[in-house]
Amino acid sequence: MTTTSRVGTTRRLSLLKPTGHLTLGNLLGALRPMTAAQQEADCFYGIADLHSLTVPHDPARLRELVREQATLLLAVGLDASTLFVQSRVPTHAQLGYLLECVATTGELNRMIQFKEKGRGVGSTRVSLYTYPALMAADILLYRPTQVPVGDDQRQHVELTRDLALRFNTTYGQVFTIPEITVPPSGARVMDLADPTSKMGKTGGRSDGAGVIHLLDSPDVVRRKVARAVTDSDTGTSSVRTDRGRKPGVTNLLEVLAACGGSPDGVTTYGALKKAVTDSVVATLAPIQASYADLAADPGHVDSVFAAGAERCVSVTSPVLAAAQAAMGL
């Protein structure tokens with residue numbers, strides 16, 4: 001999720017859920033654009049650990065993933081941003097509850113992600129039902145005028161707009177009503193073992209066999225790329241882009257290009273996989289080296305995120321205070 005504010009310096013906000021290890025798909029599709037945005041915007045990038053509590057989880061694993069993700073956000077070059085862990089900024093949860101008092105059960109019943117995660121399950125956590133209000137709070141606290149959003153999050157931003165409009169009409173003008181915009185398209189990396197599915201942190205249908213994680217060693221990257229799905233074509237024209245007929249080969253070519261490699265002279269799938277492996281390993285090497293240095297100095301990572309949380313509190317507290325006063329608190 002990204003928000004943009006036109007008031008003064010452009011402001012951007014993105015939250016990543018610590019539901020698994022960050023992947024090459026996260027790097028090329030999200031983290032690189034986030035890094036580039038630092039040159040033109042005041043960026044707030046958070047780890048949405050509260051959202052991870054909406055489904056059963058292992059507390060120890062969650063802490064490990066938050067620590068790893070925090071270190072990786074610095075390792076990929078987001079040191080010019082305000083970095084924070086969502087649960088360390090209490091205004092998010094506080095405004096989330098106020099917006100629960102504005103949302104209706106009819107609206108939450110229609111949320112697609114709640115329906116999908118609850119399908120075939122005997123019961124779900126109440127937080128899974130109400131977390132769209134927390135997501136709305138995540139956005140509205142920063143008073144954006146625009147929210148670039150993909151199709152998978154459009155419904156949540158539409159609800160955010162509805163809640164903000166209802167609040168302003170009922171209690172007074174507190175929130176900026178954000179416009180929904182189409183974000184710049186980043187690289188879309190598909191699962192190497194199932195090129196019809198997006199490469200995700202949780203592995204998807206391939207159980208992680210086709211997912212390259214940012215901390216995977218060169219040998220692990222080599223094995224995963226070697227097993228990547230291609231097809232039965234042969235001949236010099238077999239290595240070509242064709243998303244409909246050759247999704248696996250197309251995905252490898254797009255990964256190669258996104259990692260700075262070239263398909264020139266590549267005429268076999270073996271040569272393509274070697275080129276992809278070399279490019280991916282070269283892309284991950286500086287990130288992994290930086291991660292190792294940062295992991296050896298956890299106090300520095302903690303201080304960066306503590307300062308980020310403090311700034312977020314200072315930026316969002318006036319919005320929370322205005323909402324509380326409008327509701328009579």
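The legends below accompany close-up views of helix packing and aromatic pairs in a predicted model.

**View 1. Packing of helix 2 against helix 11.** Helix 2, which covers residues 59-75, packs with helix 11, which covers residues 298-326, at an angle of about 85°, and their axes lie 10 Å apart. Because angles of 65 to 115 degrees count as roughly perpendicular, the two helices, helix 2 and helix 11, are therefore described as roughly perpendicular to each other. On the helix 2 side the contact is made by Arg67, Ala70, Thr71, Leu73 and Leu74, which meet Pro298, Val301, Asp302, Val304 and Phe305 of helix 11.

**View 2. Packing of helix 9 against helix 10.** Helix 9 (residues 247-258) and helix 10 (residues 269-295) have their axes 9 Å apart and pack at an angle of about 35°, and the crossing of helix 9 and helix 10 is left-handed. Helix 9 contributes Val249, Leu252, Leu253, Val255 and Leu256 to the contact, and these residues meet Tyr269, Leu272, Lys273, Ala275, Val276, Ser279 and Val280 in helix 10. The residues of the contact of helix 9 with helix 10 divide into 10 nonpolar, 1 polar and 1 charged.

**View 3. The aromatic pair of Phe44 and Tyr142.** The structure holds 4 aromatic pairs, and one of them, formed by Phe44 and Tyr142, is tilted, with 5.2 Å from centre to centre and 55° between the planes. This pair links distant parts of the chain, since Phe44 belongs to strand 3 (residues 42-47) while Tyr142 lies in the loop between helix 6 (126-140) and strand 5 (146-148), 98 residues apart. Phe44 and Tyr142 are both buried.

**View 4. The aromatic pair of Phe114 and Tyr129.** The ring centres of Phe114 and Tyr129 are 5.1 Å apart and the ring planes stand at 65°, so this pair is edge-to-face, the cut-off for that class being over 60 degrees. Phe114 sits in helix 5 (residues 112-118) and Tyr129 in helix 6, 15 residues apart, and the pair thus links distant parts of the chain. Both partners, Phe114 and Tyr129, are buried.

**View 5. A cluster of aromatic rings.**

Note on methods: Residues are numbered from 1 along each chain as its sequence is written. This is a predicted model: local features need pLDDT of at least 70, side-chain atom pairs count only at pLDDT 80 or more; totals for chains, interfaces and linings use all residues. Side-chain values use heavy atoms; hydrogens and water are left out. Axes are lines fitted to C-alpha atoms, for helices over the stretch in contact, and angles run from 0 to 180 degrees between N-to-C directions. Helices (H or I, at least four residues) and strands (E, at least two) are DSSP runs, numbered from the N terminus. Angles under 35 degrees count as roughly parallel, over 145 as roughly antiparallel, 65 to 115 as roughly perpendicular and the rest as oblique. Contact means heavy atoms within 4.5 Å. A crossing is left-handed if the near helix is turned anticlockwise from the far one by less than a right angle, and right-handed if clockwise. Ala, Val, Leu, Ile, Met, Phe, Trp, Tyr, Cys and Pro count as nonpolar, Asp, Glu, Lys and Arg as charged, and the others, Gly among them, as polar. Rings of Phe, Tyr and Trp (its six-membered ring) pair if their centres lie within 6.5 Å; planes under 30 degrees apart count as stacked, over 60 as edge-to-face and the rest as tilted. Buried means under 20% relative accessible area, exposed over 50%, partly exposed in between (1.4 Å probe, protein chains only).
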